[in-house]
Number of protein chains: 2
Amino acid sequence: MNTYRWEEISIGMEEHFTVVITEKMLDGFKEITGDINPLHQSREFAMEKGYADRVGYGMLTASFLSTLAGVYLPGERSLIHSVETKFLKPVYVGDELTISGKVSEMDERFRILKLKVTITNQKSEKVCKGTMQIGIL
Amino acid sequence: MNTYRWEEISIGMEEHFTVVITEKMLDGFKEITGDINPLHQSREFAMEKGYADRVGYGMLTASFLSTLAGVYLPGERSLIHSVETKFLKPVYVGDELTISGKVSEMDERFRILKLKVTITNQKSEKVCKGTMQIGIL
């Protein structure tokens, strides 16, 4: 885990990591949230709606932003203030996602940094983009 | 699960549900995301930082917006396009959260509705607020 202090962070700093989306993740997310929507549960339902397979929860993809901030940038001292995410393409089981963040602004007064975040799949397609505002504890 | 069609939705429509945050949820979220940040794992670390106990992941709280859209409003035909969330107060194990959404806009051209969302705890404190843009399949 990274342990960046405010003084060690600068605009343009980047971190990224990769995860492979598994059935277990989708099932675990369903168990935690109670989101039993068939788009995420049933291949048949998803295919009827024009998808290749059951679709990963957008908010599961977004959940990896927790890890991006809490483990990578800034890591241990992270406190997430706000998150904005836009979902651009479906995510499927087996997709390898790269979660990336880059420091785009630093507000010295409140010690809040802004990360520009992107999540891409193994085909380099952007599946999610957004921003996070993160305080430093 | 609700199955609202576009024609059945109108501005001002509201849905809500409640969940109690458990240790199991925090552990499950950690397992899925790999976010091992000590603020969410260690009571001692969290107390050193001025919190009453280990703090629930903001993105876990936000994950219930998946359920709000996918099960309640609009339910089955939901496809989340974007989510904005602001975290206002810490969430602890044992907190009872009420997740509420209200239709604030409807874009007829793209069949996208906008939900204004709020998450409050058992003391009626707002812990999270935001907006979601949701398509109807």
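Strand β2(A) pairs with strand β2 (residues 78-87) of chain B. The pairing is antiparallel and runs over five bridges. Strands are taken as paired if DSSP finds at least two bridges between them. Elements are DSSP runs numbered from the N terminus: helices are H or I runs of at least four residues, and strands are E runs of at least two. Within this pairing, Glu84(A) stands opposite Glu84(B) of β2(B).

The model is predicted, so local features are reported only at pLDDT of at least 70 and side-chain atom pairs only at pLDDT 80 or more, while totals for chains, interfaces and linings use all residues. Residues are numbered from 1 along each chain as its sequence is written, and chains are lettered from A and ligands numbered from 1 in the order in which they are written.

The interface involves 35 residues of chain A in contact with 35 residues of chain B. Contact requires C-beta atoms, placed from the backbone, to lie within 7 Å of each other. On chain A, the elements giving two or more residues to the side that touches chain B are α1 (23-33), α4 (58-72) and β2 (78-87). Helix α4(A) provides the largest share, ten residues. By class, this side of chain A has 16 nonpolar, 13 polar and six charged residues. Here Ala, Val, Leu, Ile, Met, Phe, Trp, Tyr, Cys and Pro count as nonpolar; Asp, Glu, Lys and Arg count as charged; the others, Gly among them, count as polar.

Cis peptide bonds come next. In chain A, a cis bond joins Leu73(A) and Pro74(A), with omega about 10°. Pro74(A) lies in the loop between α4 and β2 of chain A. In chain B, the bond from Leu73(B) to Pro74(B) is cis, with omega near 10°. Pro74(B) is in the loop between α3 (58-72) and β2 of chain B.

Positive phi values occur at an arginine in each chain. Arg111(A) is not a glycine, yet its phi is about 55°. This residue sits in the loop between β3 (96-107) and β4 (112-120) of chain A. Arg111(A) is partly exposed, because 15 other C-beta atoms lie within 10 Å. The cut-offs are 20 or more such atoms within 10 Å for buried, 12 or fewer for exposed, and partly exposed in between, with C-beta atoms placed from the backbone. Arg111(B) has a positive phi near 55°. Its loop connects β3 (96-107) and β4 (112-120) of chain B. Arg111(B) has 15 C-beta neighbours inside 10 Å and therefore counts as partly exposed.

Notes
Contact = placed C-beta atoms within 7 Å.
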